[in-house]
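Try each task before reading its solution.

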Amino acid sequence: MHVVAFHHITPQPQNQFDVTPSALEAFVRAVLDGGCRIVPPSNALRLVEDDRPDRSEDTVALIFDDGYHSTMAYALPLMSRYGVGFGMAPVPGAMRAAERPTYFAHDSTEFVTPEQLATWLDAGGELLGHSYSHVAMHALSTSTLEFELDRELAAYREFGLTPPTMFVYPFGATDDRVTRAVGKRYRLAFATGDGRPASPRYRFDIHRITYRTHKTEQLLRLEWAALER
């Protein structure tokens, strides 16, 4: 199973992490036409919790970070059009204007609402944790780290939503202390950088490939082929 992370979807990209709607759909089509099956992120649970998981099928999961409104505008229709399920890792603090962080790497200031998250879930999408305010968690004190995680889970309950059981580290960064704190609250977690394929050994350090504008579908395939070696 390979996991690809996307961020803001916009017809006018402003940085290397933005993806155009046409490029996103072209990626989805290329993956499907290439013989892969797009699966929801929770498919990784089977790989980390099954003693002898079947790894013969080539599968890909897509996760949209930060909860930009553009995920609803462009990714949601693709789920229906292609009969697939994606994951979204929003930031509850960004959903509350008074507490919105100001350091996102993208120019969008429009984020999903709790009502839109419910629509996403009803359409077959999945919800992943991403911290309450999108902070570099390894830089926090232990008490602040745990407060950040607990505040996020409490926010989803306040929204009337079932809290997520999977987590995405903000900025893809973690360390042993953060991993332990996340492991007390979630069933698995996705990282970037030195992460590994989904397996019982690496259930809180599952590698994600982050989309950048220079990465074609072929380059992404090369990256996940190298990961498997």
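**Exercise 1.** Is Asp66 buried or exposed?

Solution. Before starting, note that this is a predicted model, in which local features need pLDDT of at least 70, side-chain atom pairs count only at pLDDT 80 or more, and totals for chains, interfaces and linings use all residues. Residues are numbered from 1 along each chain as its sequence is written, and side-chain values use heavy atoms, with hydrogens and water left out.

Step 1: recall the cut-offs, where buried means under 20% relative accessible area, exposed over 50%, and partly exposed in between (1.4 Å probe, protein chains only).
Step 2: Asp66 has a relative accessible area of 3%, so Asp66 is buried.
Step 3: check the backbone, where Asp66 shows a positive phi of about 80° without being a glycine.

**Exercise 2.** Describe the setting of His134.

Solution. Step 1: His134 sits in the loop between strand E5 (126-127) and helix H5 (142-158).
Step 1: His134, also not a glycine, has a positive phi of about 55°.
Step 2: with a relative accessible area of 7%, His134 is buried.

**Exercise 3.** In what order do the strands of the open sheet of 3 strands run?

Solution. Step 1: the order is E6-E7-E8, with parallel pairing; two strands pair if DSSP finds at least two bridges between them.
Step 1: E6 (166-168) and E8 (206-207) are the edge strands, each pairing on one side only.
Step 2: E6 and E7 (residues 188-191) run parallel and are joined by 3 bridges.
Step 3: Met166 has Leu188 in E7 as its bridge partner.

How values were computed: Helices (H or I, at least four residues) and strands (E, at least two) are DSSP runs, numbered from the N terminus.
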